[in-house]
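Please walk through this model one region at a time.

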Amino acid sequence: MATSVTTLRNRLLSRARIRHLHVFVKIAELQTVKRAAEAVGVTQPSATQGLADLERLLESPLFLRHAQGMALTPAGTALLPLARRMIDLVDQTATFASGLLDGASSVVRVAAISAAMGGELGGVVPAFARRHPSIVLELIEADAVRQATLVANAEVDCAVCRRPAVLPSGWSFHPLWPDRFAIIAGSFHPLATKQRVSRADLLDSTWLVPPTSIAARAVFDRYFHDDLERIKLYNIVAASPLLIWRLLSQEPLLALVPHSVAATLLSTKQLCELSWPEKLPFGEIGVLAPANKRNDALEKLLSFLQSATQSSAAARPTKQSRSQ
């Protein structure tokens, strides 16, 4: 006879340990008990026993053992994302408790896309930290897909992102920073010092492109639609800002990226933006937050971001002033 959900719940609450789940997650990631034990900081026999205890509590095998390592069973595959969520909650609890011990009154959990982390958000959060020393900001870098999961599971208080196609129920989007696409290169690139780059110049260059799942790739393909067979593509496909920087710093390549992604590297002269006549806007970056029932710390963060955005816009030179 199958064990009831209530029985399993009570059994897990009374006898399961967080370390059981930690060991399980690490075995799934590393595929051997030995390496998982080292990662968790326990002996191999202890990790083996912990996994056996968890499988016994669940009355189901979680891994298939074979010569090359360990592979998840269907039950293990289903349990893995739930176990990861539980470990994440432990991490969040530790962060919150640490903040309280250091005198913080609250913690705001923020999921942010890499464009925000390396751009405007990264530039303003130090000022927020100075103004509100009793609030701990936990910044989690996450793409749009992971952000949706974090929001749905109430694992973050807000998200800094581009406007979602569909807003989560009860949440609202507040635009903060405009964005656009830029063509960037290393400072040694032959086009770096050219006052006006032509389409022919671009077609004669070698391009570092992102995967097809990235918005910049769709824009690239549309812009060069009539010349895709002529375009020379570098034989590495990458979306990581750090890797793009490393590659452009070593090879004579061009890349089309959101300006926000490259803003810090451009401002520090580690990369340069080509003088390109085309203007390709991109979705603005803003903050996704609950429309109601926001705690005081989150309200302070949202108010600060709005104020910082307005100050930045006021300080930004207008088109007329730049031309003078």
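**A guided reading**

E138 sits in strand β4 (residues 135–141). Helices (H or I, at least four residues) and strands (E, at least two) are DSSP runs, numbered from the N terminus. This is a predicted model, in which local features need pLDDT of at least 70 and side-chain atom pairs count only at pLDDT 80 or more, while totals for chains, interfaces and linings use all residues. Residues are numbered from 1 along each chain as its sequence is written, and side-chain values use heavy atoms, with hydrogens and water left out.

What is the nearest side chain of opposite charge to E138? R109, 5.6 Å away. E138 is buried yet has no salt bridge. Buried means under 20% relative accessible area, exposed over 50%, and partly exposed in between (1.4 Å probe, protein chains only). For charge, Lys and Arg count as positive and Asp and Glu as negative; His and the chain ends are not counted. A salt bridge needs a side-chain nitrogen of Lys or Arg within 4 Å of a carboxyl oxygen of Asp or Glu. Not counting residues up to four places away in sequence, E138 touches Q92, T95, V107, V108, R109 and V110. Contact here means heavy atoms within 4.5 Å.

Turn to strand β6 (residues 171–185). Of its 15 residues, 11 are buried, so β6 is largely enclosed by the rest of the structure. Strands pair if DSSP finds at least two bridges between them. Eight bridges join β6 to strand β11 (residues 281–290), and the two run antiparallel. There, S172 stands opposite A289. Strand β9 (residues 253–258) is also antiparallel to β6, with five bridges. A182 has V257 of β9 as its bridge partner. Strand β10 (residues 272–273) pairs with β6 in the antiparallel sense over two bridges. Here I184 partners E273.

Next, the nonpolar packing. A nonpolar core is a set of buried Ala, Val, Leu, Ile, Met, Phe, Trp, Tyr and Cys residues joined through side-chain atoms within 4.5 Å. The largest has 36 residues; L121, V160, W177 and L305 touch the most other members. Helix α13 (residues 296–315) gives this core its largest share, seven residues. Beyond its neighbours within four places in sequence, L121 contacts A112, A116, V160, W177 and L305. A separate core of 21 residues includes I27, A28, L79 and A83.

Now the charged pairs. The model has 15 salt bridges. One joins R217 to D221 (3.4 Å, N to O). They are four residues apart in helix α10, which means a separation of about one helical turn. R217 is buried, at 14% relative accessible area. D221 is partly exposed, at 26%. Elsewhere, salt bridges that share partners join K26, E29 and R84 into one network. R230 also forms a salt bridge with D204, the closest N and O atoms being 3.2 Å apart. This pair links distant parts of the chain, 26 residues apart.

Finally, confidence. The protein chain averages a pLDDT of 87, and 93% of the residues score at least 70. The pLDDT is the predictor's confidence in each residue, from 0 to 100. Confidence is highest in strand β7 (residues 206–207), at 96, and lowest in helix α14 (residues 319–323), at a mean of 44. Over residues 318–324 the pLDDT is below 50, and this stretch has one contact beyond near neighbours in sequence. Where pLDDT is low, the predicted coordinates should not be read in detail.
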